[in-house]
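Please keep the sequence and the coordinates open while reading.

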Amino acid sequence: MPPTKPQKILDPLSQRYFGEEDVSYQAAGGETGIRQLCKAFYRAMDELPEAATIRAMHKEDLSELEDKLSLFLCGWLGGPIRYRDKYGPIVIPQAHAHLDIGPAERDAWLKCMQVALDQQDYTPEFKTYIMQSLWMPAELCRTRE
């Protein structure tokens, strides 16, 4: 269980806090870096045994989901709001309401993200910030206990 309120974490490179302006977007490597992260995320979903249940919730071709997650994260991390321009507005829990998501599925999704983050050349501080920040949206996607 993460802290009830994510800690403010200083980016050692910019000396500004993640979550302010475009600090997180820049730390992720902009859209190119975010796309690499999302590619690694869906590769982890394909490969991790503990992700089999969440992988089965998706079509065989993950390219559209990879694009959606990439564009969503661009804006969520303080960069350009590209998701809405291409796919329309999104409310994360509503977008996942049709899926059978409990704690195990939430944790599998977070595990895929941790594996993907570990493969990126990000600072440890940024990796910590991302995982702290993603816990609540992942929790809000749960549709069951």
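R144 is partly exposed, at a relative accessible area of 32%; that class lies between buried, under 20%, and exposed, over 50%, with a 1.4 Å probe and protein chains only. This is a predicted model, in which local features need pLDDT of at least 70 and side-chain atom pairs count only at pLDDT 80 or more, while totals for chains, interfaces and linings use all residues. Residues are numbered from 1 along each chain as its sequence is written, and side-chain values use heavy atoms, with hydrogens and water left out.

R144 belongs to the segment after α8 (124-140). Helices are DSSP runs of H or I with at least four residues, and strands are runs of E with at least two, numbered from the N terminus. Beyond its neighbours within four places in sequence, R144 is in contact with D100, I101, G102, P103 and E105, contact being heavy atoms within 4.5 Å. Two of these partners also meet R144 through polar contacts between side chains: D100 at 2.5 Å and E105 at 2.9 Å. A polar contact is a pair of N or O atoms within 3.5 Å; within protein, one must be able to donate a hydrogen and the other to accept it, and residues adjacent in sequence count only if both atoms are side-chain atoms. Y122 is 22 residues away from R144 along the chain, and their C-alpha atoms are 33 Å apart.

At L134, α8 bends by about 30°, and P137 follows within four residues. The bend is the angle between axes fitted to the seven residues ending at a position and the seven starting there. Buried residues of α8 include F126, Y129, L134 and W135, and their cover includes α1 (23-27), α4 (63-76) and α7.

Aromatic rings come next. Across the whole structure there are eight aromatic pairs. Rings of Phe, Tyr and Trp (its six-membered ring) pair if their centres lie within 6.5 Å; planes under 30 degrees apart count as stacked, over 60 as edge-to-face and the rest as tilted. The rings of F41 and W109 have centres 5.0 Å apart and planes at 55°, so this pair is tilted. Because F41 lies in α2 (residues 30-47) and W109 in α7 (residues 103-118), the pair ties together parts 68 residues apart in sequence. F41 is buried at 0% relative accessibility, whereas W109 is partly exposed at 23%. Elsewhere, ring pairs link F18, Y122, F126 and Y129 into a cluster.

L37, also in α2, is buried at 4%. Away from its sequence neighbours within four places, L37 is in contact with L73, M113, A116, L117, Q120 and Y122. The C-alpha atoms of L37 and Q120 are 6.8 Å apart, although 83 residues separate them in sequence.

In helix α4, D67 is buried at 10% relative accessibility. Its contacts outside four places in sequence are R35, K86 and Y87. K68 lies over the face of Y87, 5.1 Å from the ring centre. A charge sits over a ring if NZ of Lys or CZ of Arg is within 6 Å of the ring centre and within 35 degrees of the ring normal. The charged end of K8 sits likewise over the ring of Y17, at 4.6 Å from its centre.
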